[in-house]
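Each question below asks what a term rests on, and each answer sets a value against the rule behind the term.

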Amino acid sequence: MSPRHSSTGYWIGFALIVAALAVAPLVLPEFWRRFVTEILIWGLLAMSSDILIGYTGMVSFGHSAFFGLGMYGAAAALLSVSPPNLWLAILLGLVGAGLVAVFVAFFSTRLRDIYFAITTLVFSQIFYVIIFTWTDVTGGENGLTFRAPTLWIPGVIDAPFTRETLHWFVLAVVTASYLLLRRITQSPFGMVLQSIRENEPRTRAIGYHVEHYKIVAVMLSGLFAGLAGVLYAVQNRFAAPDFVFFLISGEVVIFNVMGGMGTLVGPVVGAGFFFLLREGFSRFWTEYYLIPVGVIFTLMVIFLPQGILGFARRRLNS
Amino acid sequence: MIPFELILIQIINGIVSGMILALVASGLTLIFGIMDVVNFAHGDLFMLGAYMGVITLAATGNFWVALAASCLAVAALGAVIQMTALRPLLGRDPLTTILATFGISLVIQNAALWYFGPVARKINEPFTGQFPLFHLQYPWYRIAIAVLSAAIIGALYLFLKYGTYGIWIRATTQDRVMASAMGIPVPWVHTAVFAIGAAMAAASGVLFGPLVGVSHAMGLDVILRAFIVVVVGGMGNLGGSILAAIFVSMLEAFAAIWVSPAQAVIFSFMALILTLLFRPTGLFVPTPK
Amino acid sequence: MLSVKNVHTYYGKSHILHGVSIEVARGEVVGLLGRNGVGKSTTLKTIMGLVRPAEGEIRFEDTSITGAPPHQLARIGIAWVPEDRRIFKLLTVLENLRTGLDRRGVTEQRREELLEKVYRSFPVLRERRNQAGGTLSGGEQQMLAIARAMMLEPKIILLDEPTEGLMPRMVGQIREIIDVLHREGVAILLVEQNVPLTLGASSRVYIMEKGMVRHHAPASELRDNDAVIHQYLGV
């Protein structure tokens, strides 16, 4: 256990940041408010990816599949039931992502490293092709548009989302997810995951059933990624195959690396950093922001692999 | 009942695209075999090769000069990439190389988009002319591609089998520490192999160019299939990737009889998944270790 | 000619070599004895640049070579024959030899000479020259490993446990090879667990224990004095 005073410091910092994020829609112009909400959603996606890449040491290019299926699952719920129901959307989104996660989890136990990475990439593309070509069901290239559900918490509220309430809902979900994931990664389970990352053969030799841990890690990762997809669908009211394309997974990995793997908050910071860079470069260089961002990313992989928050990894995990 | 002619035509189509894919995949598997690098940017080197072909063809009017110039230019770029970005990563977790090459891939793709614009370019075949194949007029050029690709791969094989540098490359691939202890300059062998792989990707790009439009994203489909081929063929296994390339391409060609080409790629994916489930070291590797 | 001074080597956090110092003069055969795991192989690997020492210096012919890459050392005259031989299994015998033979500055004629010489010393290699290295027996692979090192025309060979895993009658052959190399003026740093072979072939012997050199004497002295050998090697 860390000394009490640094732990208190952590929680104070955490509370301040959440408070700042909560206040955002009240003080920021709409463009930046939306910017922050999107960072939270992509941050959640990146957090889910961090479970695999940062904690278990498994690089996955499959998160676009989880994300996309969460999105389409939510879309299915919002299109099939009238009035559109928020919780049904979340449920179907999680189910969709969960099904994909089962497949990926199966392969995670049989493949190591590079083969796993390539297979997850292929998974993303399988779903991409299916969604892209199955126009009748998925809307094909154009995707699906739908209405947002109402914010319905029984006994508390039943009203359409406003910009503020949507932002707060997203913030609440992401914060709760973070706290839950943090609890999990700091539990004995999380320790075993990290042990697998450090030295898989030794972890196995000690007696841990590495396969079981990997399966759970993938399921966890997939479900939270799916949740991010649901949030995206609710926020933007559309689903498109572009989000299932493996390049999205690549971007998520960029958030992980730039922000700091194995820190949970790092990826959120990484997402923020990426989007800020994109905004900044877009001023001069509209569509080609990926050139400087790609260069920065590559340089970071080589020279700063621990990412922006890497130096704080120990402290954030104690 | 599917007409026999259709099957035969698809076999030939499969072989043609298979040879191009084999050319790309050989470079990829060679690079992996010797330095454990999964070169995500390989498809983009293919793309750059095609663009260099476009430019040089426009400047000189000669397809073959364009082919040669493109190979040299991309080989040089490959060498630079290896020396600056990949050498520092030697000895680190192999997954960092996949990330680094992914980053490089993004940069190259978007740089190409920026420099050449979104409109696809065209490379003209060096010669037109067709011969009657059943009910079709089949272009000679397609046959030429297959023959040329085979020739280049054959040349690579001969180079590796005979000659001092071939021995250096094979020794380094098998045991880079011992190779170094025998006086072989391993860092330079790595750079050279990366450059060779890049050149082969570029050659594929130029050869394939006339068949499709040259655009900044043309490498994506290629890298995807190349990964599949390299895994199905056995990573680091040159002969295996060639067989796998033809196998996968023919699979897709046949599938295209029933489904759309966009969907046919799922069959390749399935081949990959089945291989990983049952023969993870590669379908064409003699005995799994 | 070769001087190792106060070398400390780590594998990760493990401190393997604690200040090892060794000298080999031109043309000398020097033995390095010790039980399993005392750091003998690590010493050779450190000299050969396969592992970078944390402290200490290695000099060859008056130039510092500490941390130089192996391929450079091979070119200036240091050859390494590792404990597990490390034959290029998928290369033929001839190709294995060529990894050392195909060097800059060696004429075609000289290469033929070197090859002939090695074939005469190891006729079995001539027989099997087009066979894959992996198909050779253990003893033949050891011959090949030494022959391959000789292709570099080295000034010193770092020979790591050449008799390990070989049948007893081959030990005599190894001794002969060492004698021949010695006659040609090649220095040898011989790491071994076979005490009689080492004492017979070397002029001086170092004995290591737990990553340090504990004893150093002319071989003749050790031949007459069993006690030291017993103490460090329990033989």
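**Terms and their grounds**

Q: At what angle do helix α1 (residues 4–35) of chain B and helix α10 (residues 238–258) of chain B pack?
A: The model is a predicted one. In it, the two helices make an angle of about 145°, and their axes are 6 Å apart. Angles run from 0 to 180 degrees between N-to-C directions.

Q: What is the hand of the crossing of α1(B) and α10(B), left-handed or right-handed?
A: The crossing is right-handed. The term applies if the near helix is turned clockwise from the far one by less than a right angle.

Q: What makes up the contact of α1(B) with α10(B), by class?
A: There are 15 nonpolar and nine polar residues in the contact, and no charged ones. Asp, Glu, Lys and Arg are the residues that count as charged.

Q: Why is chain B called as compact as a globular protein of its length?
A: The globule rule gives 19 Å for 289 residues, and the radius of gyration of chain B is 19 Å, close to that value, so the chain is as compact as a globular protein of that length. Along the principal axes, the C-alpha atoms of chain B fill a box of roughly 60 × 50 × 35 Å.

Q: What share of chain B is buried?
A: Of the 289 residues in chain B, 53% are buried. To count as buried, a residue needs 20 or more other C-beta atoms within 10 Å of its own.

Q: How many helices and strands does chain B have, and what pattern do they follow along the sequence?
A: Chain B has 11 helices and two strands. The pattern reads α-α-α-α-β-β-α-α-α-α-α-α-α. As for contacts in chain B between residues at least 6 apart in sequence, 75% join residues at least 24 apart.

Q: Which pair of chains shares the most contacts?
A: Two pairs of chains are in contact, and chains A and B share the most contacts. Here 28 residues of chain A meet 32 residues of chain B. On the side of chain A, the elements that give two or more residues are α5 (113–133), α11 (246–259) and α13 (290–303). The largest share, 12 residues, comes from α5(A). By class, this side of chain A has 21 nonpolar, six polar and one charged residues.

Q: How many residues of chain B and of chain C take part in their contact?
A: Chain B gives 16 residues and chain C gives 21 residues. On the side of chain B, α6 (164–174) and α7 (176–181) are the elements that give two or more residues. That side has 10 nonpolar, four polar and two charged residues.

Q: Why are β2 (14–24) and β5 (63–64) of chain C said to stand at the edges?
A: Four strands of chain C form an open sheet in the order β2-β1-β4-β5, with antiparallel pairing. β2 and β5 each have a single partner strand, so one side of each is left without a neighbour in the sheet.

Q: In what sense do strand β1 (residues 2–11) of chain C and β2(C) pair?
A: They pair in the antiparallel sense over eight bridges. At least two bridges are needed for a pair, and the eight here meet that. C:His8 stands opposite C:His18 in β2(C).

Q: What makes β6 (78–81) and β10 (212–218) of chain C edge strands?
A: The open sheet of six strands has the order β6-β7-β8-β3-β9-β10, with mixed pairing. β6 and β10 each have a single partner strand, so one side of each lacks a neighbour in the sheet. Direction ignored, neighbouring strands of this sheet are turned by 15° against each other on average.

Q: Why is A:Gln194 called partly exposed?
A: A:Gln194 has 16 other C-beta atoms within 10 Å. Buried needs 20 or more and exposed 12 or fewer, so with 16 A:Gln194 falls in between and is partly exposed. A:Gln194 lies in helix α8 (residues 188–198) of chain A.

Notes:
Residues are numbered from 1 along each chain as its sequence is written. Chains are lettered from A and ligands numbered from 1 in the order in which they are written. This is a predicted model: local features need pLDDT of at least 70, side-chain atom pairs count only at pLDDT 80 or more; totals for chains, interfaces and linings use all residues. Two residues are in contact if their C-beta atoms, placed from the backbone, lie within 7 Å. The radius of gyration is taken over C-alpha atoms; the globule rule is 2.2 Å times the number of residues to the power 0.38.
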